[in-house]
Amino acid sequence: MTVVRGVRRSADWIRWYVGEVSGESGYDRYVAHARSHDPGAKVMSRREFERSRMDAREADPREGFRCC
């Protein structure tokens, strides 16, 4: 059982790490924040969130550099 638990724990850590590095967890943090501050507010869909994030990056060169 200890080996299985260790493998599962490692897999969870890898999943968390990949989500953090790739930015996938940003949407989850946004949803949690939005719902905790105003439970009745409309939450953007993942597509709307990603579009908003890309628009913000392209509008402000300090946020990220895009060469093409």
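# Reading the helices and contacts of a predicted model

Guide: Helix H1 has 21 residues and spans 30 Å from its first C-alpha to its last, close to the 30 Å expected at 1.5 Å a residue. Please keep in mind that this is a predicted model. The protein holds three helices and zero strands, and along the sequence the pattern reads α-α-α.

Visitor: What makes the pair of Trp13 and Tyr17 stacked?

Guide: A search of the whole structure finds four aromatic pairs. The ring centres of Trp13 and Tyr17 lie 5.3 Å apart and their planes meet at 15°; rings pair if their centres lie within 6.5 Å, and planes under 30 degrees apart count as stacked, so this pair is stacked. Trp13 and Tyr17 are four residues apart in helix H1, and therefore about one helical turn separates them.

Visitor: Why is the pair of Tyr27 and Tyr30 called tilted?

Guide: Tyr27 and Tyr30 have 6.0 Å from centre to centre and 40° between their planes. Stacked pairs need planes under 30 degrees apart and edge-to-face pairs need over 60, with the rest counted as tilted, so the angle of 40° makes this pair tilted. Tyr27 and Tyr30 are three residues apart in helix H2 (residues 25-37), which means that they are separated by about one helical turn. Both Tyr27 and Tyr30 are buried, and ring pairs link Tyr27, Tyr30 and Phe49 into a cluster.

Visitor: Why is Tyr17 called partly exposed?

Guide: The relative accessible area of Tyr17 is 42%, and since buried means under 20% and exposed means over 50%, with partly exposed in between, Tyr17 counts as partly exposed. Tyr17 also belongs to a nonpolar patch on the surface, together with Trp13, Ile14, Trp16, Val18 and Val21, and the patch has about 680 Å² of accessible area.

Visitor: How do you know that Arg46 and Asp28 form a salt bridge?

Guide: Side chains of opposite charge can pair when their charged atoms come close. In this case the distance from N to O is 3.8 Å, and a salt bridge asks for a side-chain nitrogen of Lys or Arg within 4 Å of a carboxyl oxygen of Asp or Glu, so the pair of Arg46 and Asp28 qualifies. This pair links distant parts of the chain, with Arg46 in helix H3 (residues 46-59) and Asp28 in helix H2, 18 residues apart. The structure holds seven salt bridges.

Visitor: Why does Lys42 count as exposed, whereas Glu48 is partly exposed?

Guide: Lys42 has 68% relative accessibility, and exposed means over 50%, so Lys42 counts as exposed. Glu48 has a relative accessible area of 36%, which falls between the limits of 20% and 50% and therefore makes Glu48 partly exposed. Glu48 and Lys42 form a salt bridge, with their closest N and O atoms 3.7 Å apart.

Visitor: What makes the meeting of Arg53 and Glu50 a salt bridge?

Guide: The side chains of Arg53 and Glu50 meet at 3.3 Å, N to O, and because the limit is 4 Å, this pair counts as a salt bridge. Arg53 and Glu50 are three residues apart in helix H3, so about one helical turn separates them. Salt bridges that share partners also join Glu24, Asp28 and Arg46 into one network.

Note on methods. Residues numbered from 1 in each chain as written. Predicted model: local features only at pLDDT ≥ 70, side-chain atom pairs only at ≥ 80, totals over all residues. Heavy atoms only, no water. Patch = residues over 30% accessible without salt bridge, like charges linked within 9 Å, V, L, I, M, F, W, Y side chains within 5 Å. Areas by Shrake-Rupley, 256 points an atom, 1.4 Å probe, with all protein chains shown as cover. Helix = DSSP H or I, 4+ residues; strand = E, 2+ residues; numbered from the N terminus. Buried < 20%, exposed > 50% of the residue type's maximum accessible area, 1.4 Å probe, protein only. Expected span 1.5 Å × (residues − 1).
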